[in-house]
Amino acid sequence: MTDDAGTSGPCTPLDEVRAWVRDARRIAVLTGAGISAESGVPTFRDAQTGYWAQFNPMEMASETGFRAQPARVWDWYAHRRGLLAGVQPNAGHRALAAFAQHGRGRLTLITQNVDGLHQRAGSPDVLCLHGDLTADRWLDRPRACCDLADAAPGHPPRCPTCGNLVRPGVVWFGEALPLPVLAAAQQAAQSCELMLVVGTAGAVYPAAGLAHQARHAGARVVVVNTAASELDGIAHAVLRGPAARLLPLLLD
Ligand code: BV8
């Protein structure tokens, strides 16, 4: 365990993890809401400030919940979209983008986040497991009349002809992840020599399962988190501290 000051725990000091990064030919990075926390984007499971401390995830992040209360769910996502206008990528996002640009293609970035901050920081080819907060899609299979550009304004907007509802283009609980994205993420997890697991509670599957797949395939797994996570137990090293401080130290 290495705390934020980088003082060594009994196992792996920060410098040794830096050496793992330097020596790894293929690195996979799995990020969660915690990497965006220092940009001011709320996380989900923080006991005080997390979204799931305020809302029931099945009511707000599932198709059933949306069909039951479309206006409430639509307005919550509209509120989250509004927050994005006022936030910027932080040093953690930027460190990953810089490494990808100079790391000669050694890094595959996989995110659970839907905030687009990795892309805004300049990371290329981000594997977005849970979709895009700013994207719209139709709730039901779109008919010839359904055109997002012509959706009638509302909470949520709808097709003026058939009434199909517009929904956020994110993956809700109980929904399949986009198969090509998940397949690419699994391929990266199974072929990397090092996986950095950054800012995730490790509670949501199949995303969290990627860390298990990496470990099982023989990769070193390093957790970067300000608090204990469900993936600490499979990590070869746990760096306890904020991603915006630790990632620039790891990836320089
Ligand atoms: C599916 C919507 C099947 C977008 C979200 C086993 C296998 C497969 C599925 C399951 C399974 N077991 C259970 C399931 C079902 C379910 C699931 O995982 N449930 C859990 C809760 C038990 N999974 C699903 O339903 C998935 N779909 O499996 O479909 C299927 C297959 C075929 C056909 C049909 C169906 C879909 C999961 C996606 C759900 N969508 N959100 C949105 O609105 O954002 S989940 C939600 O949680 C977000 O997407 C978020 O990204 C995700 C994970 O949360 P974290 O990113 O980890 O965030 P959290 O707040 O929890 O933690 C933040 C961490 O950061 C903390 O540890 C904190 O300490 C740390 N931190 C804070 N600050 C910092 C920091 N770290 C570093 N630096 C800091 N500064």
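Analyst: A word on terms before we begin: helices (H or I, at least four residues) and strands (E, at least two) are DSSP runs, numbered from the N terminus. With that naming, cysteine 145 is placed in the loop between β4 (131-138) and β5 (166-170). Please keep in mind that this is a predicted model.

User: Which residues does UniProt list with Cys145 for "binding site" there?

Analyst: The UniProt record, an unreviewed entry, lists Cys145 and Cys162 under "binding site". They are spread over 18 residues of sequence, yet they cluster in space, with a largest C-alpha distance of 7.2 Å. Cysteine 162 also lies in the loop between β4 and β5.

User: What do they touch, leaving aside neighbours within four places in sequence?

Analyst: Cysteine 145 is in contact with Cys159, Thr161 and Cys162, while cysteine 162 touches Arg143, Cys145 and Cys146.

User: Changing topic, which residues does the other "binding site" annotation cover?

Analyst: In the unreviewed UniProt entry, that annotation covers Gln112, Asn113, Val114, Asp115, Asn225, Thr226, Ala227 and Ala243. Of these residues, Asn113, Val114 and Asp115 are included in the lining of the largest cavity.

User: Where is asparagine 113, and why does it count as buried?

Analyst: Asparagine 113 sits in the loop between β2 (107-111) and α8 (117-121). Its relative accessibility is 7%, so asparagine 113 counts as buried, the cut-off being under 20%. Apart from neighbours within four places in sequence, asparagine 113 is in contact with Thr31, Gly32, Ala33, Ile35, Ser36 and Gly131. The side chain of asparagine 113 also reaches the backbone nitrogen of alanine 33, at 2.9 Å.

User: And what is valine 114 in contact with?

Analyst: Valine 114, which is found in the loop between β2 and α8, is buried, with a relative accessible area of 12%. Once neighbours within four places in sequence are set aside, valine 114 is in contact with Arg80, His130, Gly131, Asp132, Leu133 and Val170.

User: Let's go to the sheet. What order do its strands have?

Analyst: It is an open sheet of six strands with parallel pairing, in the order β3-β2-β1-β6-β7-β8. β3 (127-128) and β8 (237-240) stand at the edges, each with a single partner strand, so one side of each has no neighbour in the sheet.

User: How many bridges join β7 to β8?

Analyst: Four bridges join β7 to β8, and the two run parallel. In one of the pairings, valine 224 has leucine 239 in β8 as its bridge partner. Helix α1 (residues 14-23) packs on the sheet, where it touches β1, β6, β7 and β8, and the direction of α1 makes about 120° with that of β8.

User: One last thing, which residues of helix α10 are buried?

Analyst: In helix α10 (residues 209-216), the buried residues are Gly209, Leu210, Ala211 and Ala214. These buried residues pack against β1 (27-31), β2, α9 (179-191), β6 (194-198) and β7 (220-225). After α10 comes glycine 218, whose phi is positive, near 105°.

Terms used
Residues are numbered from 1 along each chain as its sequence is written. This is a predicted model: local features need pLDDT of at least 70, side-chain atom pairs count only at pLDDT 80 or more; totals for chains, interfaces and linings use all residues. Side-chain values use heavy atoms; hydrogens and water are left out. UniProt positions are given in the numbering used here, feature names are shortened, and annotations may be inferred rather than shown by experiment. On a 1 Å grid over the protein atoms alone, a cavity is a set of points where a 1.4 Å probe fits but cannot get out, and a pocket is an open set with protein on both sides within 12 Å along at least five of seven lines; lining residues have an atom within 4 Å of a point. Buried means under 20% relative accessible area, exposed over 50%, partly exposed in between (1.4 Å probe, protein chains only). Contact means heavy atoms within 4.5 Å. A polar contact is a pair of N or O atoms within 3.5 Å; within protein, one must be able to donate a hydrogen and the other to accept it, and residues adjacent in sequence count only if both atoms are side-chain atoms. Two strands pair if DSSP finds at least two bridges between them. Axes are lines fitted to C-alpha atoms, for helices over the stretch in contact, and angles run from 0 to 180 degrees between N-to-C directions.
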